[in-house]
Amino acid sequence: MMAVMSAKAGKRTRMSAGERREQLIDVARGLFALKGFDATSIEEIAARAQVSKPVVYEHFGGKEGLYAVIVDRELTTIASTITGALGSSSSSSVIVQRAALALLTYIEDSPDGFRILSSGSDRAAGTYSTLLSDVAIEVSGLLASQFAAHDLDPHTAPLYAQMLVGIVAMPAQWWLENRTMSKEEVAAHMANLAWNGLRAIEPEPALREEALR
């Protein structure tokens, strides 16, 4: 393992196994976010961390293992953030606002992690899609009870849940690279479209004749 300087003692000390593991995760996260999985090599990760390749293999078994650890950690963080927001209020409009803000806060705190999850890589995209599906299921349950209370068909709740998740998920990816508005402003606009659309929802919507021509 690489020795590092201790500023206080002026002596060279060694990283613990846990410290080295975290260092490799941090280095690899940045490279995977910037270049993608395929274009990032173990050699580059080791060089950035100033260790030999066997050190990376020792901790993670290879690039795939390291990538899996990063994806799993990011998914755990984003899932707990969003599900916590969904369960924090009984008001549907506030739930939408908090869920949107929670996702944007995660992106703000961990932009590299979100780039990896939403990169389109088969190794990450599948798990991210699963996460969104899980969120939609939870939202569906919340909507079903609200629909029933307002004489709307609760069986349509899963469809509306998917649409709500899309309203939040897609603009979040846009905001990652377009920080022209604050996360609070973006969350407010997301909720504005979602809630104002739901507030005037029709019990039995139908396409206009012109749309069918």
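Tutor: Helix H2 (residues 42-49) packs against helix H3 (residues 53-60) at an angle of about 105 degrees, and their axes are 8 Å apart. Helices here are DSSP runs of H or I with at least four residues, strands are runs of E with at least two, and both are numbered from the N terminus. This is a predicted model, in which local features need pLDDT of at least 70 and side-chain atom pairs pLDDT 80 or more, while totals for chains, interfaces and linings use all residues. Residues are numbered from 1 along each chain as its sequence is written, and side-chain values use heavy atoms, without hydrogens and water.

Student: What makes H2 roughly perpendicular to H3?

Tutor: Set the angle of about 105 degrees against the classes. Under 35 degrees is roughly parallel, over 145 roughly antiparallel, 65 to 115 roughly perpendicular, and the rest oblique. H2 is therefore roughly perpendicular to H3. The axes are lines fitted to C-alpha atoms over the stretch in contact, and angles run from 0 to 180 degrees between N-to-C directions.

Student: Which residues in H2 and H3 meet?

Tutor: Ile-42, Glu-43, Ile-45 and Ala-46 of H2 meet Lys-53, Val-56 and Tyr-57 of H3. Contact means heavy atoms within 4.5 Å. By class, the H2 contact with H3 has five nonpolar, no polar and two charged residues. Nonpolar covers Ala, Val, Leu, Ile, Met, Phe, Trp, Tyr, Cys and Pro; charged covers Asp, Glu, Lys and Arg; the others, Gly among them, are polar.

Student: Which residues of H2 are buried, and what covers them?

Tutor: Ile-42, Glu-44, Ile-45, Ala-46 and Ala-49 are the buried residues of H2. Their cover includes H1, H3 and H4. Buried means under 20% relative accessible area, exposed over 50%, and partly exposed in between (1.4 Å probe, protein chains only).

Student: Why is Arg-48 called exposed?

Tutor: Its relative accessible area is 53%, so Arg-48 is exposed.

Student: What does Arg-48 form with Glu-44?

Tutor: Glu-44 and Arg-48 form a salt bridge, the closest N and O atoms being 4.0 Å apart. The term asks for a side-chain nitrogen of Lys or Arg within 4 Å of a carboxyl oxygen of Asp or Glu. Glu-44 and Arg-48 are four residues apart in helix H2, and so separated by about one helical turn.

Student: How many salt bridges does the structure hold?

Tutor: Nine. One of them joins Arg-73 to Glu-22, with the closest N and O atoms 2.8 Å apart. Arg-73 is in helix H4 (residues 63-86) and Glu-22 in helix H1 (residues 17-35), so the pair ties together parts 51 residues apart in sequence.

Student: Why does Arg-73 count as partly exposed?

Tutor: Arg-73 has 31% relative accessibility, so it counts as partly exposed. Glu-22, at 32%, also counts as partly exposed.

Student: Where do Glu-108 and Lys-183 lie?

Tutor: Glu-108 and Lys-183 form a salt bridge with the closest N and O atoms 2.9 Å apart. This pair links distant parts of the chain, with Glu-108 in helix H5 (residues 92-109) and Lys-183 in helix H9 (residues 183-199), 75 residues apart. Glu-108 counts as partly exposed at 37% relative accessibility, whereas Lys-183 counts as buried at 14%.

Student: Which residues are linked in a network of salt bridges?

Tutor: Asp-26, Arg-29 and Glu-74.

Student: Which residues does UniProt give as the "DNA-binding region"?

Tutor: The unreviewed UniProt entry places that feature at residues 41-60. UniProt positions follow the numbering used here, feature names are shortened, and annotations may be inferred rather than shown by experiment. In the model, residues 41-60 are 80% helix and 0% strand, with the end C-alpha atoms 14 Å apart.

Student: Where is Gln-50 placed?

Tutor: Gln-50 sits in the loop between H2 and H3. Gln-50 has a positive phi of about 60 degrees although it is not a glycine. With a relative accessible area of 57%, Gln-50 is exposed.

Student: Where is Asp-151, and is it buried or exposed?

Tutor: Asp-151 is in the loop between helix H7 (122-149) and helix H8 (157-177). At 70% relative accessibility, Asp-151 counts as exposed. Its phi is positive too, about 60 degrees, although Asp-151 is not a glycine.

Student: Why does Ser-140 count as buried?

Tutor: Ser-140 has 12% relative accessibility, so it counts as buried. Ser-140 lies in helix H7. Leaving out residues up to four places away in sequence, Ser-140 touches Ala-157, Pro-158 and Ala-161.
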